Amino acid sequence: FASLAFVRSADAMLLFRAAGGIHPCVAEMRETQYACKGNPHGQANRECNFAVCYTAHLARKRCGHIETGSGASTATFDEDLDKLAEFHGIHCKDGGQGGKGRRNARFDCKGEFFTQFAAAYPSSAEASGLNDCLANASH
């Protein structure tokens, strides 16, 4: 079922990006929100945790000031990301071994999960360096 969710989200994001020239930071936020969609308050699956604590977190410096809110919202990338983390109870800091937060897997990208994540969320995978990590891991 997990791979089916990745396929559905990849198709949705391709259609979303094809709909018009959205800012890359907005695309990354939408991918992060989509990765967390369906997770109830206080809970996050692996896909949501990785999107919030790794791909989106790495975009903070570049995207923090960009408005990513939809409709009448004028929320910035940082504000939207903080809301997602708070809503789902995600703690990105203290993610080392034995820590209580989510581990940053930047240089540990081997495995099917990372390949599927990159396919499902291409903007986030490219901007975060995950695609480079995957390319180097295959050598």
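Modeller: Lys-61 is found in helix α4, which spans residues 60-63; here helices (H or I, at least four residues) and strands (E, at least two) are DSSP runs, numbered from the N terminus. This is a predicted model, in which local features need pLDDT of at least 70 and side-chain atom pairs count only at pLDDT 80 or more, while totals for chains, interfaces and linings use all residues. Residues are numbered from 1 along each chain as its sequence is written, and side-chain values use heavy atoms, with hydrogens and water left out.

Lys-61 has a relative accessible area of 82% and is therefore exposed, given that buried means under 20%, exposed over 50% and partly exposed in between (1.4 Å probe, protein chains only). Glu-79, in helix α5, is partly exposed because its relative accessible area is 40%; between Glu-79 and Ile-66, 13 residues apart in sequence, the C-alpha distance is 9.9 Å.

Two packed helices are described by the angle between their axes and the distance between the axes. For α3 and α5 the angle is about 155 degrees and the axes are 11 Å apart, where axes are lines fitted to C-alpha atoms, for helices over the stretch in contact, and angles run from 0 to 180 degrees between N-to-C directions. That angle makes α3 roughly antiparallel to α5, since angles under 35 degrees count as roughly parallel, over 145 as roughly antiparallel, 65 to 115 as roughly perpendicular and the rest as oblique. The crossing of α3 with α5 is left-handed, meaning that the near helix is turned anticlockwise from the far one by less than a right angle (clockwise would be right-handed). On the α3 side the contact is made by Cys-48, Val-52, Ala-56 and His-57, and on the α5 side by Phe-77, Leu-81, Leu-84, Ala-85 and His-88; contact means heavy atoms within 4.5 Å. These residues comprise seven nonpolar, two polar and no charged ones, with Ala, Val, Leu, Ile, Met, Phe, Trp, Tyr, Cys and Pro counted as nonpolar, Asp, Glu, Lys and Arg as charged, and the others, Gly among them, as polar.

Gln-43 sits in the loop between α2 (24-36) and α3 and is partly exposed, with a relative accessible area of 48%. Its C-alpha atom is 9.8 Å from that of Ala-85, 42 residues away along the chain, and 6.2 Å from that of Gly-89, 46 residues away in sequence. Gly-89 belongs to the loop between α5 (77-88) and α6 and, at 39% relative accessibility, counts as partly exposed.

Helix α3 (residues 46-58) also packs on α6, at an angle of about 70 degrees and with the axes 11 Å apart, which means that α3 is roughly perpendicular to α6. Here Arg-46, Glu-47, Phe-50, Ala-51 and Thr-55 of α3 meet Phe-113, Phe-114 and Phe-117 of α6, a set of five nonpolar, one polar and two charged residues.

Helix α6 (residues 112-120) in turn meets helix α8 (residues 130-137), their axes coming within 10 Å and crossing at roughly 140 degrees, so α6 is oblique to α8. This crossing of α6 and α8 is left-handed. Phe-114, Thr-115, Phe-117 and Ala-118 of α6 touch Leu-130, Asn-131 and Leu-134 of α8, and by class this contact has five nonpolar, two polar and no charged residues.

For the chain as a whole, there are eight helices and zero strands, and 41% of the 139 residues count as buried. Of the contacts with a separation of 6 or more, 62% join residues 24 or more positions apart.

Finally, confidence: the chain averages a pLDDT of 78, with 71% of the residues scoring at least 70, where pLDDT is the predictor's confidence in each residue, from 0 to 100. Residues 1-10 have pLDDT below 50, and this stretch has 14 contacts in the model beyond near neighbours in sequence. Residues 15-19 also stay under 50, with seven contacts beyond four places in sequence. Where pLDDT is low, the predicted coordinates should not be read in detail.
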